[in-house]
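This report examines selected helices, helix contacts and backbone features. The sequence and the model are shown below.

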Amino acid sequence: MKKEILLSLLTFTLFFPLFSQSSQPDPTFLNGMDAFKAEAYQKAISEFSTAISKSPNSNVLYYHRGNAKMEAGDFHGAKSDLSKSISLSPTFEAYLKRAVTEVELGYMDQALSDLKTAYGLRPTEPKINYYLGLAYNKLENYVDAIIYWDNFISSKPKNSEAYT
């Protein structure tokens with residue numbers, strides 16, 4: 001959960017200029033972020049939906065609403081919002097998050113495709129190797145799973161997370 005919050009905050013920091021015309025962010029976006037941090041996912045979804053109605057071409061808002069839907073267990077809704085975010089502006093974060101929803105939905109071929117796209121956007125990101133290993137493992141392609149997990153471990157050899 002902490003990783004998801006950090007990822008959301010990082011995404012906000014990176015993409016804030018993409019959806020704000022003024023120097024102040026939309027209060028509904030901030031309310032949505034606060035609700036998400038408080039794990040009040042339905043409220044976050046509602047706030048992000050309101051923000052989307054004001055800025056329907058914001059990939060960032062669709063990304064965050066998709067993230068909230070995923071945390072709420074609405075994987076189909078999350079996939080839809082993340083797909084919209086990608087169609088507006090393809091980002092590593094959106095491809096990675098959509099792949100996670102596709103794994104949850106059992107759409108392994110789609111997940112693998114999104115993971116490979118995310119890898120192409122940011123090949124030095126260690127966690128992409130973890131998720132590629134996970135996808136290949138679920139597809140029972142153990143050789144490729146081990147290769148990607150080995151890459152993940154080698155990128156974080158002193159981090160116990162790499163061995164779980």
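## Surroundings of Glu102

Leaving aside neighbours within four places in sequence, Glu102 is in contact with Lys79, Tyr107, Gln110, Ala111 and Asp114. The model in which these contacts occur is a predicted one. Glu102 belongs to helix α6, which spans residues 92-105. With a relative accessible area of 1%, Glu102 counts as buried, because the cut-off for that class is under 20%.

## The buried side of helix α2

Helix α2 covers residues 27-37, and its buried residues are Thr28, Phe29, Gly32, Met33, Ala35 and Phe36. These residues lie on the same side of α2, because the arc they cover around the axis is only 160°.

## Packing of α4 and α5

Which values describe the packing of helix α4 and helix α5? Helix α4 (residues 59-71) and helix α5 (residues 75-88) have axes that come within 8 Å and cross at roughly 165°. The two helices are therefore roughly antiparallel, since angles over 145 degrees fall in that class. The crossing in which α4 passes α5 is left-handed.

On the α4 side, the contact is formed by Asn59, Tyr62, Tyr63, Arg65, Gly66, Lys69 and Met70. They meet Phe75, Gly77, Ala78, Asp81, Leu82, Lys84, Ser85 and Leu88 of α5. Classified by residue type, the contact of α4 with α5 contains seven nonpolar, four polar and four charged residues.

## Packing of α8 and α9

Helices α8 and α9 pack with their axes 7 Å apart, at an angle of about 160°. Consequently, α8 is roughly antiparallel to α9. Their crossing is left-handed.

Helix α8 contributes Pro126, Lys127, Asn129, Tyr130, Leu132, Gly133, Leu134, Tyr136 and Asn137 to the contact. Their counterparts in α9 are Tyr142, Asp144, Ala145, Tyr148, Trp149, Asn151, Phe152 and Ser155. By class, the contact of α8 with α9 comprises 10 nonpolar, five polar and two charged residues.

## Trp149 in helix α9

Trp149 is located in helix α9. Not counting residues up to four places away in sequence, Trp149 touches Asn129, Tyr130, Gly133, Leu134 and Asn137. The C-alpha atoms of Trp149 and Ile128 are 9.6 Å apart in space, while the two residues are 21 residues apart in sequence.

Is Trp149 buried, partly exposed or exposed? Its relative accessible area is 25%, so Trp149 is partly exposed.

Most residues other than glycine have a negative phi. Glu39, although not a glycine, has a positive phi of about 60°. Glu39 follows α2 and is found in the loop between α2 and α3, the latter helix covering 41-54. With a relative accessibility of 47%, Glu39 counts as partly exposed.

Glu140 likewise is not a glycine, and has a positive phi of about 60°. Glu140 is found in the loop between α8 (126-138) and α9 (142-155). Is Glu140 buried or exposed? The relative accessible area of Glu140 is 58%, so the residue is classed as exposed, for which the cut-off is over 50%.

How values were computed
Residues numbered from 1 in each chain as written. Predicted model: local features only at pLDDT ≥ 70, side-chain atom pairs only at ≥ 80, totals over all residues. Heavy atoms only, no water. Buried < 20%, exposed > 50% of the residue type's maximum accessible area, 1.4 Å probe, protein only. Helix = DSSP H or I, 4+ residues; strand = E, 2+ residues; numbered from the N terminus. Arc of directions from axis to C-beta. Contact = heavy atoms within 4.5 Å. Axes fitted to C-alpha atoms, helices over the stretch in contact; angles between N-to-C directions. Parallel < 35°, antiparallel > 145°, perpendicular 65-115°, else oblique. Left-handed = near helix turned anticlockwise from the far one by under 90°. Nonpolar A, V, L, I, M, F, W, Y, C, P; charged D, E, K, R; others polar.
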